[in-house]
Amino acid sequence: MGIGIYVLKRLAGMGILLLGITFIVFGMMYLAPGDVTMMLVPNIPSTEQSEILRKEFGLDQPLVVRYARFLSGLAHGQLGTSWIDRRPVLPQVLDALGYTLRLASLALAGSLLVGFLAGIAAAVRYRSVVDEAVMSACLLGISLPVFVTGLLLIYVFAYRFGWFPTSGAGSWRHLALPAVTLGSFLVAYNARMMRAAMLEVLGQEYIRTARAKGLGELVVLGRHALRNALVPMVTVVGLQVGLLLGGSVITETIFAYPGIGQLVVSAISARDTPVVQGAVLVTSAGFILVNLIVDLSYAFIDPRIRLGS
Amino acid sequence: MPSSILASGSGAEAGLALERRASSAGRRSSLLRAFPRSVRGTIGAAILLAMLAAAAGAGWLAPHDPAQASLRHRLEGPSRTFPLGTDWIGRCLLSRLLYGIRLTFLVGVVTVAIGGAVGVLLGLLAGYFGGLLETLIMRAADLLLAFPYFLLTIVLVAVLGANLTNAILAIAVWTMPHYVRLVRAVVLSVKAREFVDGARALGRPELGILRRHVLPNCLAPIIVQSSTFCAQNMLMAASLSFLGLGAQPPSPELGAMLGTGRAYLRAAPHVVAVPALGILLGVLGVNCLGDALRDALDPRSGARS
């Protein structure tokens with residue numbers, strides 16, 4: 001199958017998935033019990049006030065009409081306006097997404113670096129004290145919830161030492177603690193995966209051949225083992241994008257960091273349906289797109305892999 | 001979470017390889033051997049047993065009623081009456097910890113039981129019967145998996161209403177498609193084996209074949225995946241409660257205790273440390289069990305060298 005056709009097929013599939021996601025989110029928010037207008041007015045609204053609000057948001061229309069309106073807005077690149085502050089949703093979501101991407105990319109880069117080094121060390125010193133220590137630390141790492149790491153870091157580095165602010169955004173100092181929190185969430189996974197991939201490669205014939213040729217251990221590891229071990233890691237990185245988005249919800253809440261996770265959580269508690277829909281849709285789209293890119297790059301890196309079979 | 005993604009990816013192969021192995025060596029003996037193999041395994045088993053004992057015996061072990069407030073003993077450190085101190089309205093932290101661990105285990109097991117049962121059933125049907133049924137089930141699973149981790153659960157809880165029952169339901173919904181994918185993949189390979197053809201040639205009814213011959217051969221990867229999901233569902237439930245979307249405050253749920261307790265982080269860090277340690281140790285215990293199971297059932301990680 002040609003790569004062009006494959007990409008087109010995947011993009012079409014992505015469109016269908018996103019449509020499904022809009023339908024699910026839209027349907028769910030529709031089914032949510034209780035009178036939405038109750039949440040949007042400081043005091044209990046009178047019947048007339050509720051009526052006016054319902055008209056304004058189009059809630060007096062049947063579900064099909066509202067869904068069609070939402071889709072046609074989407075086709076014009078609009079995600080509607082917030083029910084709370086009447087601002088358009090898309091710029092809000094993109095703004096928050098920018099903050100989250102900054103945080104997430106820093107966390108991802110750090111966790112990859114530390115995780116890969118630890119994983120390689122464990123694989124090279126397989127079944128040694130180093131391996132046992134790395135694997136134990138990993139077990140601890142995947143059992144540690146994000147909010148516990150976050151609170152621990154706040155206590156030590158913000159309250160005790162006073163080195164970093166506890167919340168907010170703006171400078172690198174604001175980014176430090178959230179990035180470490182979010183990154184430590186992934187280090188254990190990266191180390192485990194890297195160790196497994198490395199062990200797999202180190203058991204191959206060509207490694208024995210390279211060693212038999214008398215190549216130095218560093219050359220064997222760096223040029224022969226590591227490069228092949230990195231191939232499966234591309235997928236791992238792709239899968240972590242979803243995790244990063246999820247982990248950032250909690251991280252951002254703890255550190256009051258104005259990213260997409262905090263946007264979703266605060267919009268949910270305010271029952272601001274358009275913002276919830278927009279944020280979920282945009283993040284899901286990003287998630288699916290990254291997975292597509294990962295699949296493509298996989299074939300790019302390893303020519304043995306054929307797409308679409 | 002990634003470990004689950006890994007589990008579902010390698011689970012199918014693990015299951016098949018296990019079968020090959022089970023015919024020669026015994027499955028039970030390798031399971032027993034897996035635990036005390038390393039220091040890590042021994043410590044893990046000890047933690048898990050201690051946590052299970054704490055959860056099971058919460059009713060006897062707790063010195064106080066976990067909901068009993070005593071305003072004269074607010075935010076106190078450890079003492080003889082309150083071995084782990086008290087929280088912001090003077091409730092006994094040890095008692096709340098014990099009941100919280102019980103709740104956390106309960107959530108992990110129940111979400112896996114619900115999501116796993118439905119997922120396994122759908123996966124069996126999709127893999128065995130194929131056709132339109134398979135397409136429908138797999139597309140629905142794809143759709144649920146297209147939501148980034150945690151987002152689906154959050155939105156579901158937001159819609160259903162924030163309480164522990166709905167959190168369990170939402171986590172079960174999130175768990176389900178992972179089982180569908182795993183089981184379908186295993187079924188597809190089991191289906192092609194001779195004993196299935198044999199059973200069919202003998203005229204056994206399809207559902208009987210599914211139950212007697214296909215399902216038992218899917219169990220190993222299901223067991224491995226279940227331990228992973230139990231651990232991460234415990235974390236997810238605690239996270240939801242931490243955000244105020246799960247168990248609500250009076251409940252001794254560990255995530256909820258942390259969510260409210262974080263306001264006292266500076267003044268009385270033990271209020272945060274106690275539930276934090278509870279979550280960590282509980283999840284750690286289950287993860288150790290999962291590691292041991294994987295070592296025993298997954299030859300790729302078991303016989304590495």
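This is a predicted model: local features need pLDDT of at least 70, side-chain atom pairs count only at pLDDT 80 or more; totals for chains, interfaces and linings use all residues.
**Chain A.** Begin by selecting chain A and colouring it by secondary structure. The chain holds 12 helices and zero strands, so read by definition from DSSP runs; from the N terminus on, every element in the order is therefore an α. Along the principal axes, the C-alpha atoms of chain A occupy a box of roughly 85 × 60 × 30 Å. Colour next by burial: 37% of its 309 residues count as buried. Where contacts in chain A link residues at least 6 apart in sequence, 70% of them join residues at least 24 apart.

**The nonpolar core.** Now display the largest nonpolar core, a set of 168 residues. Select Met198(A), Val264(A), Ile154(B), Val155(B) and Val183(B), which have the most contacts inside this core. Then highlight helix α8 of chain A, residues 172-202, which supplies the largest share of the core with 18 residues.

**Helix α5 of chain B.** Finally, select residues 93-129 of chain B, which form helix α5. How far apart are the end C-alpha atoms of this helix? They are 53 Å apart, in agreement with the 54 Å that 37 residues should span at 1.5 Å a residue. The helix is mostly covered, with 27 of its 37 residues buried. Step just past α5(B) to Gly130(B), where phi is positive, at about 65 degrees.

How values were computed: Residues are numbered from 1 along each chain as its sequence is written. Chains are lettered from A and ligands numbered from 1 in the order in which they are written. Helices (H or I, at least four residues) and strands (E, at least two) are DSSP runs, numbered from the N terminus. The expected span of a helix is 1.5 Å times one less than its number of residues. A residue is buried if 20 or more other C-beta atoms lie within 10 Å of its own, exposed if 12 or fewer, and partly exposed in between; C-beta atoms are placed from the backbone. Two residues are in contact if their C-beta atoms, placed from the backbone, lie within 7 Å. A nonpolar core is a set of buried Ala, Val, Leu, Ile, Met, Phe, Trp, Tyr and Cys residues joined through C-beta atoms within 7 Å.
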